[in-house]
Amino acid sequence: MINYDIAVIGGGPAGLAAALKAKELGIEKIIILERAETLGGILEQCIHTGFGLHYFKEELSGPEYAGRFIEELKKTDIDVRTNTMVVDISSDKVVTAVGPNEGLLKIQAKAIILAMGCRERPRGAISIPGNRPAGVMTAGTAQKYVNIHGYMPGKKIVILGSGDIGLIMARRMALEGAEVKMVCEILPYSGGLARNIVQCLDDYGIPLKLSTTVVEIHGRERVEGVTIAKVDEKMRPIKGTEEYVECDTLLLSVGLIPENELSKSAGVDINCITGGPDVDEMRETSIRGIFACGNVLQVHDLVDYVTLEAQLAAEGAAEYIKKGEEEKKYAYTVNQNGVRYIVPQKININADRDVDLYFRVCQIYKNAKVVVKIDGETVISRKKPKLAPGEMETVKLKKDMIAKLKEDSLVEISVEESL
Amino acid sequence: MIYDVAVIGAGIIGALTARELAKYKLSAVLIEKCNDVAMGTTKANSAIVHAGFDAVPGTKKAIFNVLGAELMPKVTSELSVPYRNNGSLVVAFSEEELPELQNLLERGIKNGVKDLKILSKEELLELEPNISPEAVAALHAPTAGIVCPYEFAIAATENAVTNGVEFIRNCEVKDVEVHDDYTTLITNTGDIKAKVVVNAAGVFSDDIARMFGDDTINIVARKGEYYLFDKAVGHVVFHTVFQCPTPMGKGVLVTPTVDGNLLIGPTAVDIEDKNDTSTTYEGLMEVLNKAHKSVPTIINTRDAITQFSGLRAHAKSGDFIIGFSEKAPSLYNLAGIESPGLSAAPAIAVHAAQEVANKLGLTELKEDYNPIRPQPIRFRYLDDEEMAELIKKDPRYGRIICRCETITEGEIVEAIHAPAGARDIDGVKRRTRAGMGRCQGGFCSSKVLEILARELNIPYEEVTKEGGNSRILYGRTK
Ligand SMILES: Cc1cc2nc3c(=O)[nH]c(=O)nc-3n(C[C@H](O)[C@H](O)[C@H](O)COP(=O)(O)OP(=O)(O)OC[C@H]3O[C@@H](n4cnc5c(N)ncnc54)[C@H](O)[C@@H]3O)c2cc1C
Ligand SMILES: Cc1cc2nc3c(=O)[nH]c(=O)nc-3n(C[C@H](O)[C@H](O)[C@H](O)COP(=O)(O)OP(=O)(O)OC[C@H]3O[C@@H](n4cnc5c(N)ncnc54)[C@H](O)[C@@H]3O)c2cc1C
């Protein structure tokens, strides 16, 4: 058993930023455990630009963004173990990891920062009927084949799901000379960032078919085509709208799932909407001393927010180590009309700082108002020309508002449609 | 050369029969048209070791089912195949269904099934608290179990090969020439000669028989569709839960699998095309709706990880067809082996091998026959010390390739180099479980592809999902 102050699980942008921030705050023994051969997480395969506009005020590629943190890391004495997969975390903060070089590693940490990212939802989770040939894969897997291995997973592509990875891959495959026939989206709107729809589809003449899904996959050995159909409001296929589309590949971009198997085994409470842990404003989970940040907590569309969230978690962990387990009293955030979820789920009423609330809306709104109420009293009301589920929103609760919170106070956010 | 026996089809029936034949001093070859073992019905079924109360007393189905279920613990332990004796329940959801339970109980007793008992609602809910409160009673069969069917066939083939049987894959029997003392099998990869031919070709067994001039067999492919769920809901039931057959149709079952997932299904629809294992919207909806009746709380498709379908080889005559053909004396048929074929397989194999050996007059047993197929390393089941030691010996066991199921590079390499080993991505999956978890290979399939290319010394583009034209990649990027 080796002792560390902080063990960071995952070396993507969240884990990197968290470790660096904790070091900056004077924490001595920090270790990052990463199962891949390299640091950087999902960014390593995102060779497109569009990272860092908020944080660095520059437009970087994924590897460049991660690279900045990795360079910083080299200047510190933070212990980094790549090729090392964490297989268990216990509630008393013993971390078990496995690697070809490390063998079996047991670490007793004072605090743990969870930064394991997320995985893609596979075909089975959305039950597409038909055959099960080669050529059906998630957009992220295809991205890995193209950008890391340098191989084409197909030539005639249909993409199901208009999440950001699907949009990015539509452009990537088109640039590589593949024929990208269409992107189908079962919802009446895209779940991706507006800028990605313009830059990845519109600019390449790739049609986006809304309220449309794939109802059957054809081909015994390799995909030969798919049948698409329009769906009704309840997302059921409408008979008579079926259309056969010839293709050799179906890429799926149908959602991301935070990777919380380890968190669950440690006993951390998981939120059924975000799929990530319930946390307070410092990103502390239901187990004191275990923090979470990045995609393992909530699926982010911008890495800049991941970085900020990771720094908060690091601050929380540093404080926990320095001050020990101080008693916390909580107020709770509640998603009301039109709001799907809010992170954090609870706020320490003695936080004594500004608190940003991150949330996503349930549908597209035009000219709506975001209203924040504390115990029934409106404290913020802000006009928004457009709100979309694909873009994360934030509101800031100023320190003086936080000071007014009492134990079990309710902080509600709702969307009001102006008529 | 002329083999003593050629077995056509490496499903569970052909594989176990080949293994039994390997006990005798004779030469045998196992021929499979696909790139791997267990590519037919054996990879897509309910995986239940039925207790044996379903079949009509006196039929081959009844006799071999009960015998097969009895042999199951021994055979699966020799072959290191996951088997669990979890017991089964047939649940009645109304008073009208009670006579059917009684009927099944009496049939079971006649078939020789042990320890059958009808449970009251209270007893049932105590055993299975997640079962619908609509349930009124259930038939409990403690001897029933679950097994991993494809691993069973893979292990049986491995063991047969270790004991001298030859295994030829990607070899499809297209026609035959029957001679006086041997038969020539004409295949896409050349001729194979054998004195006796065992027909274990599943839904295609009537086609094989017809090649021999035996047109007494007619097989209908009857499709069954399934949903497989995440391990997170694998514990909602402990037993295999059946519904009573009603005039409205056969019910569906809800069962844990040996690996801890939850399986629900199947439907039953006769189809024309014996290669059609597609799933359908209607079929999948039917499975969900019917399973809901047994276990109302769980069936949330959010937890689904895959859907699939398998084809029952239903013989129009109703019963299993086991024995030498009356039309072609060198042909031994194992046809129409629909459910409970998996349960019956160990007993069918013993019987078939005996009859074939008798016919050949080669009943002498090999002295060096080894019934044991050693347990492949399963990293996830080791304790901390064993893990540490294994990685020290071979670091490849420290590199976790499939994160959902915790499968290491060492296990994948072992599966590729095993006798009759994996040649494609699905073959690795069936042998090791890499790619069988909740992300369905999203993370590991590219790594498995790399390992297959390296170990088989083939380019990336030649690695397939399941043989044939099922390649994954189309050449380099620009
Ligand atoms: C295709 C794509 C395009 C995107 N485009 C943009 C864009 O243009 N602009 C932008 O700002 N953002 C973009 N994003 C979003 C942003 O990159 C992500 O939100 C961010 O990478 C999430 O960071 P993370 O550290 O939480 O997760 P990850 O980057 O996923 O890192 C998690 C790390 O944890 C490791 N890990 C997990 N489990 C274990 C374990 N048990 N043991 C050890 N290690 C473990 C993983 O290997 C991984 O390295 C994009 C994302 C994707 C996928
Ligand atoms: C929906 C469903 C549910 C079931 N549930 C259960 C259950 O719970 N319990 C139970 O006991 N049984 C069950 N069964 C039955 C059981 O699965 C079968 O009895 C068993 O798998 C049959 O094995 P097999 O070897 O005969 O056929 P298969 O596994 O189909 O093997 C036949 C093999 O022959 C090969 N082949 C065919 N033609 C040729 C050729 N010309 N040349 C070379 N090779 C050829 C095929 O490729 C295939 O690999 C179920 C079946 C289905 C469909």
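Which residue forms a salt bridge with B:K274? The partner is B:D207, and the closest N and O atoms are 3.6 Å apart. Keep in mind that this is a predicted model. B:K274 sits in the loop between strand 17 and helix 7 of chain B, while B:D207 is in helix 6, 67 residues away. B:K274 counts as buried, at 17% relative accessibility, and B:D207 is partly exposed, at 27%.

Next, B:R438 and B:D230. Their closest N and O atoms are 2.8 Å apart, in a salt bridge. B:R438 lies in the loop between helix 11 and helix 12 of chain B, and B:D230 in the loop between strand 13 and strand 14, so the pair ties together parts 208 residues apart in sequence. Both residues are buried. They also belong to a network of salt bridges that includes A:R35, A:R119, A:E259, A:E261 and B:R403.

In chain A, the side chains of A:E246 and A:K156 meet in a salt bridge at 2.9 Å, N to O. A:E246 is in strand 16 and A:K156 in strand 11, 90 residues apart. A:E246 is partly exposed, at 41%, and so is A:K156, at 28%. Over all chains, the whole structure has 62 salt bridges.

Now the domains. Chain A is divided into three: domain 1 (1–120 + 256–326), domain 2 (122–254) and domain 3 (328–419). How many salt bridges are counted between domain 2 and domain 3 of chain A? The count is zero. Two residue pairs are in polar contact across that interface. Domain 2 and domain 3 of chain A bury about 420 Å² between them, 57% of it on carbon and sulfur atoms.

Definitions and conventions: Residues are numbered from 1 along each chain as its sequence is written. Chains are lettered from A and ligands numbered from 1 in the order in which they are written. This is a predicted model: local features need pLDDT of at least 70, side-chain atom pairs count only at pLDDT 80 or more; totals for chains, interfaces and linings use all residues. Side-chain values use heavy atoms; hydrogens and water are left out. Domain bounds come from an automatic or database domain assignment. Buried area is the accessible area (1.4 Å probe) that two parts lose on being put together, summed over both. A salt bridge is a side-chain nitrogen of Lys or Arg within 4 Å of a carboxyl oxygen of Asp or Glu. A polar contact is a pair of N or O atoms within 3.5 Å; within protein, one must be able to donate a hydrogen and the other to accept it, and residues adjacent in sequence count only if both atoms are side-chain atoms. Helices (H or I, at least four residues) and strands (E, at least two) are DSSP runs, numbered from the N terminus. Buried means under 20% relative accessible area, exposed over 50%, partly exposed in between (1.4 Å probe, protein chains only).
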